[in-house]
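Q: Please take a close look at one part of this protein: the aromatic rings and how they pair. Which rings come together, and how are they placed?

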Amino acid sequence: MAETTQAVQAKPKRGMSKSLRDSLVAYSFIAPNFIGFCIFTLVPMIFAIGLSFCNWDGVHPVEFIGISNFVALLSDKTFKAAFVNTLVYAIGTVPLTLVCSLGLAMLLNQKVKFRNFFRTVSFFPYVASLVAVAAVWNMIFSPSMGPVNQILATLGVENLPKWAAGKDTAMLTVILFSVWKNMGYYMVIYLAGLQGTNPELEEAAELDGASKWQIFWNVTLPQLKPTTFFVIIMLTIASFKVYDQMYMITQGGPGNATMTLVYYIYNVAFVNTPKYGYASAVSMVLFVLVLFVTIIQFKGSSSND
């Protein structure tokens, strides 16, 4: 009898183990997103990497040409202008949006009247239609009939800026538009970060006689370091991928004053005679640029820690 009981206990259990069942359930939840990522992101990325070494217009067979596309970039004046404009846009947009969104979050984190209303108004440009707000922005900054230039004229300014129509001011116009449209979104992120700070540290610093600026710089801002790092990463990636603002405000002009890498990729691939291989080469340069800047930011953050 004892031997029979031991034999029954030693008999392996049929069916799926709990750990395997849990793993399959987890993978079933991950699978839709992972399949979508592979189909719409990973496979096109691999195809673009291979296509950057080829010549293809979408009609004739793909022709392998090695690094000829990358060599051609070195003498492409439009590509050089787009590369510089992308850097200028990123350098102008990232710190300005960061400062404005943080300042707006600090202001609207205080106990002021109609605080929720002002938060909603500040966030509205981000969710509003880009076409609508870009049209309004162009009317406001119109060189001839815009209210901004009319106000400047009443103040005695003689050489009124042409804003989006001028080569020297077009990039500034797009940067200001981008900051105004996006700072509400990053304000919400900073508001969430401010809710996680420790108010007792600020109260202790205030009791020790620290000024408001000293409290902000030495107590509040260090606690917002993870939030700031996230905002910088997101802003940097978004600034290098900018396209819609340029298309709606300036169409890359006047001349190539606001031509960015993504806008140039679009023109090469879809507007002019299709050169999908050349456009893929430009996209690889953009990918390396974003990767390089992101790695530097991560290393800088880890060294500060």
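A: What follows describes the ring pairs and then the nonpolar core.

This is a predicted model, in which local features need pLDDT of at least 70 and side-chain atom pairs count only at pLDDT 80 or more, while totals for chains, interfaces and linings use all residues. Residues are numbered from 1 along each chain as its sequence is written, and side-chain values use heavy atoms, with hydrogens and water left out.

The whole structure holds 23 aromatic pairs (rings of Phe, Tyr and Trp, the last by its six-membered ring, with centres within 6.5 Å; stacked if the planes are under 30 degrees apart, edge-to-face if over 60, otherwise tilted). One of them joins Y185 and Y186, edge-to-face, with 5.0 Å centre to centre and 75 degrees between the planes. Y185 is partly exposed at 26% relative accessible area, whereas Y186 is buried at 6% (buried is under 20%, exposed over 50%, partly exposed in between, with a 1.4 Å probe and protein chains only).

Y247 and Y263 form a tilted pair, because their planes meet at 40 degrees, with the centres 6.4 Å apart. Since Y247 lies in helix 12 and Y263 in helix 13, this pair ties together parts 16 residues apart in sequence (helices are DSSP runs of H or I, at least four residues, numbered from the N terminus). Y247 is partly exposed at 38%, and Y263 is buried at 5%. Both belong to a cluster linked by ring pairs, which also includes F47, W56, Y243, Y266, F270 and Y276.

The largest nonpolar core has 38 residues, of which Y264 and V282 touch the most other members (a core joins buried Ala, Val, Leu, Ile, Met, Phe, Trp, Tyr and Cys through side-chain atoms within 4.5 Å). Elements giving two or more residues to this core include helix 12 and helix 13.
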